[in-house]
Amino acid sequence: MSIEAELRAEFDRWERRETTVFKVLPYVLLAVSTAVTLAQPGEGASVHVPAVLGLTVVVTAWLFWFHTLHPEWHENLPLMGLYYTGLLMLAACLVAIAPFYGFFIFIGYPQALQYLKGRWRYAGVAATAVIAAAAYLGGIANIMAEDLWWAWLAIGLISTVLASFFFYFAEMADQRNDKQKRALVELHKANVKLEAALEENAGLHAQLLVQAREAGVLDERQRIARDIHDTLAQGLAGILTQLQAAEQTMDEPSALHHRLTNAMNLARESLAEARRTVHAVGPSALAEARLPDAIGDVARRWSDVHRIDAVLTTTGDPRPMHADVEVTLLRAAQEALANVAKHAQAGRVGLTLSYMEDLVTLDVRDDGVGFEPDAKRANDSTDGGFGLAGMRQRVRRLAGRLEIESEPGGGTAISASVPAIPAGGER
């Protein structure tokens, strides 16, 4: 059980006990006063027993009707003010004929706290103190016989001051208890809301975990698709190109040998890259060289295979970059060169690798036939279509930017820019 629940339970227990005492106390004091009055041997003869018993029955009925039988009336201030006034008048009559009912008159204090509000409470306290002072002096008959009017007024005044003093602190304690109960209610509501929020957060967390898993699966699928395209698909396309060229040079042994050698080398490289893809290992070119050297080697081998000039220029301060940055730019170079070989009919390709303070940029320009960048491409065509999309996905994963500039007959320029994340840095 929480501390808040324990405090609420403790307040509930005290409130039940207090309510029980307030309910029973008037009847107990009335019974004690009646018993003591009737038990006095000397005084009992002078007490008019029928009057005492009759008033006691009336007071009991008055208490039972307002105090016990109709608790729904307790919030009706005018009605309970009438009840309290009648109770004090009946109690004053009992004290007048039997001073030992001074025990009962004490009930005026807690009943004033329970049923009166504001200044009316202190008026009830003053009236109770004056009636109690008469009981202390032996009743009205004794005051008149002994001429104790000033003593009655003095005792009544002192009793009123003392009772008001203690009553004030009792009222403050009661108000403090009310504030504490309200605070506990608000705390309980806040705890309920917090528990609901925690349950909702737990549900959201579970949903996020599911979404993260799905996103991870999708990201892995996209990675495999990109790597397969960058390795197997491009390798097979290169092998097919070399075999087709070899078929056309069957009567030229040297050229045939050259084409078959290129095809076998492409097959070996594609197989090695496929294995590295399965194990999620970076490209072999980057495992053995820095990024400018790796891209330069790719450009040279591509140029040898396709008989197209490809020149790499490096600007800025070449420095080791995060593995994802280098893989993205290397794959962008491979894809751009593959597209040139398949579509551009170019005679020359220029690659520029630029190291800047915040960015690393790869620009690939060719003098080929160009194309319309906004034209819709068939993603399921044998010529590809996934390559540029995969390149764009790679660049965007690093919060980079891919720009394509081309027009029919005007060549093509592809620019891939990614943040310059140093090796060992966090993405």
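What percentage of the contacts in the protein with a separation of 6 or more comes from residues 24 or more positions apart?

Author: The model is predicted, so local features are given only at pLDDT of at least 70 and side-chain atom pairs only at pLDDT 80 or more, while totals for chains, interfaces and linings use all residues. Numbering starts from 1 along each chain as its sequence is written, and side-chain values use heavy atoms, without hydrogens or water.

Residues 24 or more positions apart supply 69% of the contacts with a separation of 6 or more (contact: heavy atoms within 4.5 Å). The protein has 427 residues, and 37% of them count as buried (under 20% relative accessible area; exposed is over 50%, partly exposed in between, with a 1.4 Å probe and protein chains only). There are 14 helices and five strands (DSSP runs numbered from the N terminus: H or I of at least four residues, E of at least two).

Now to H7, which spans residues 119-136. Its axis lies 10 Å from that of H4, residues 77-97, at an angle of about 10 degrees (axes are lines fitted to C-alpha atoms over the stretch in contact, with angles from 0 to 180 degrees between N-to-C directions). H4 and H7 are therefore roughly parallel (under 35 degrees; over 145 is roughly antiparallel, 65 to 115 roughly perpendicular, the rest oblique). On the H4 side, Tyr-84, Leu-88, Ala-92 and Val-95 take part. They meet Gly-124, Val-125, Ala-127, Thr-128, Ile-131, Ala-134 and Ala-135 of H7.

H6, residues 108-115, also packs on H7, at about 170 degrees and with the axes 9 Å apart. That angle makes H6 roughly antiparallel to H7. Here Gly-108, Tyr-109, Ala-112 and Leu-113 of H6 meet Arg-121, Val-125, Thr-128 and Ala-129 of H7.

Leu-148 lies 9.6 Å from Ala-134, C-alpha to C-alpha, at a sequence separation of 14 residues. Leaving aside residues up to four places away in sequence, Leu-148 touches Leu-137, Asn-142 and Ile-143. With a relative accessible area of 24%, Leu-148 is partly exposed.

Most residues other than glycine have a negative phi. Arg-307, between helix H12 (291-306) and strand S1 (309-316), has a positive phi of about 55 degrees and is exposed at 58% relative accessibility. Gln-345 also has a positive phi of about 55 degrees; it lies between helix H13 (323-344) and strand S2 (348-355) and is exposed at 69%.

The whole structure holds three salt bridges (a side-chain nitrogen of Lys or Arg within 4 Å of a carboxyl oxygen of Asp or Glu). Asp-297, Arg-300 and Arg-301 are linked in a network. The closest N and O atoms of Arg-300 and Asp-297 are 3.8 Å apart, and those two residues are three positions apart in H12. Arg-301 and Asp-297 pair at 3.0 Å, N to O; they are four residues apart, about one helical turn. Asp-297 is partly exposed at 28%, as is Arg-301 at 33%. Elsewhere, Arg-401 pairs with Glu-403 at 2.8 Å. Arg-401 is partly exposed at 47%, and Glu-403 is partly exposed at 36%.
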